[in-house]
Number of protein chains: 2
Amino acid sequence: MSKAIPDSVTRLIEAFSRLPGIGPKTASRLTYFLLRAPEDVSTTLAGAISELKSKTRLCKVCFNITEEEVCGLCRDERRDAKLIAVVEEPLDVLAIERAGIYNGRYHVLHGVLNPREGIFAENLKIKELVERVRSEAITELILSTNPGMEGDATATYIKDELSRAGVTVKITRLARGLPTGADLEHADAATVMRALEGRQNL
Amino acid sequence: MSKAIPDSVTRLIEAFSRLPGIGPKTASRLTYFLLRAPEDVSTTLAGAISELKSKTRLCKVCFNITEEEVCGLCRDERRDAKLIAVVEEPLDVLAIERAGIYNGRYHVLHGVLNPREGIFAENLKIKELVERVRSEAITELILSTNPGMEGDATATYIKDELSRAGVTVKITRLARGLPTGADLEHADAATVMRALEGRQNL
């Protein structure tokens with residue numbers, strides 16, 4: 001059969017398909033959109049992708065993504081340097097910033113413990129966290145890994161590591177319960193259990 | 001507030017958000033995926049996007065996307081040159097090829113008539129189609145624009161244009177009815193109406 005699509009089109013469809021959540025149908029749709037869109041749409045996109053890796057690196061203090069050696073959040077003197085929120089990914093930093101009430105620093109682990117997928121403590125920025133808590137005057141660590149088996153296990157592991165290292169610091173975990181706007185009727189059992197356990201005086 | 005995301009990250013999130021069906025959340029997810037993925041994933045993607053426009057053009061016969069002056073489908077001597085399927089978009093060529101039973105040529109209109117969005121006959125490859133039918137020995141035109149108001153109107157317009165041009169050719173339209181695997185119970189009224197009108201002897 002003769003080719004219905006040229007190689008350059010197939011190559012882009014394949015490249016898009018390697019992105020998470022993008023199947024072959026979406027990949028074709030995006031490719032044909034770019035074919036029809038003004039030249040600068042593809043130029044801008046290609047340029048931004050190329051620059052992404054070359055311009056960014058991990059902050060040497062908190063391991064968030066940054067263009068400098070130390071990120072803006074770590075350099076911001078108005079933020080409380082004694083308080084660290086420990087998160088899994090850079091996007092979690094954004095989520096906490098969006099809440100608008102946190103004024104401490106961060107520490108990005110770049111994952112959670114997941115032995116089955118070959119992710120162990122040495123693949124995460126845990127040793128760096130322990131060192132940071134030991135050397136800086138930290139008063140509280142808010143372990144903000146996701147609620148769930150792996151996030152919980154990672155939080156527990158960090159707590160144990162700090163205690164093994166003989167570092168004393170207040171350690172907290174984000175509250176669990178019903179999300180704002182949720183329907184009690186449709187909430188899963190684990191969430192309702194946590195909401196009951198964590199109930200507060202009114 | 002200090003910046004939680006570096007500019008190069010924001011730029012890529014924005015570039016991804018300009019693609020159809022990609023909201024800000026998906027755009028962030030894709031960007032952070034590329035940040036963590038091996039270098040060659042982004043290099044390949046950026047390269048494929050850059051090459052897309054520079055390497056491709058429209059076939060001068062059928063206006064499908066190609067890397068040559070005349071596309072592979074038009075150059076394939078084994079295909080019936082007397083039969084033309086008229087489609088809206090290059091992706092429609094693929095859809096018909098996938099069916100595996102069509103052995104004619106194509107003509108890509110690059111859209112359908114849509115006066116409200118400023119798409120008129122002169123914005124589509126209709127004049128070129130009439131010219132092609134006039135100059136080549138075409139026996140049948142399968143008007144394969146999408147079933148629906150605009151696709152139907154475009155098909156009717158093409159039929160009228162051919163008759164105004166004094167060109168005689170057999171003109172057909174793709175059959176309409178229940179899609180394979182459909183539930184009659186859930187089919188919309190217009191589809192059931194077409195299925196009844198087009199019913200066949202068993």
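In which order do the four strands of the open sheet in chain B stand, and is their pairing parallel or antiparallel? The order is β4-β3-β5-β6 (chain B), and the pairing is parallel; two strands count as paired if DSSP finds at least two bridges between them, while helices (H or I, at least four residues) and strands (E, at least two) are DSSP runs numbered from the N terminus.

This is a predicted model, in which local features need pLDDT of at least 70 and side-chain atom pairs count only at pLDDT 80 or more, whereas totals for chains, interfaces and linings use all residues. Residues are numbered from 1 along each chain as its sequence is written, chains are lettered from A and ligands numbered from 1 in the order in which they are written, and side-chain values use heavy atoms, with hydrogens and water left out.

The edge strands, each pairing on one side only, are β4 and β6 of chain B. Neighbouring strands of the sheet are turned by 25° against each other on average, direction ignored; axes here are lines fitted to C-alpha atoms, for helices over the stretch in contact, and angles run from 0 to 180 degrees between N-to-C directions. Strand β5 of chain B pairs with β6(B) over four bridges in the parallel sense, and I142(B) stands opposite T172(B) in β6(B).

| Helix | Strands | Angle |
|---|---|---|
| α5 (residues 90-99) of chain B | β3 and β4 of chain B | about 155° with β4(B) |
| α7 (residues 149-164) of chain B | β3, β5 and β6 of chain B | about 180° to β6(B) |

Note on methods
Contact means heavy atoms within 4.5 Å.
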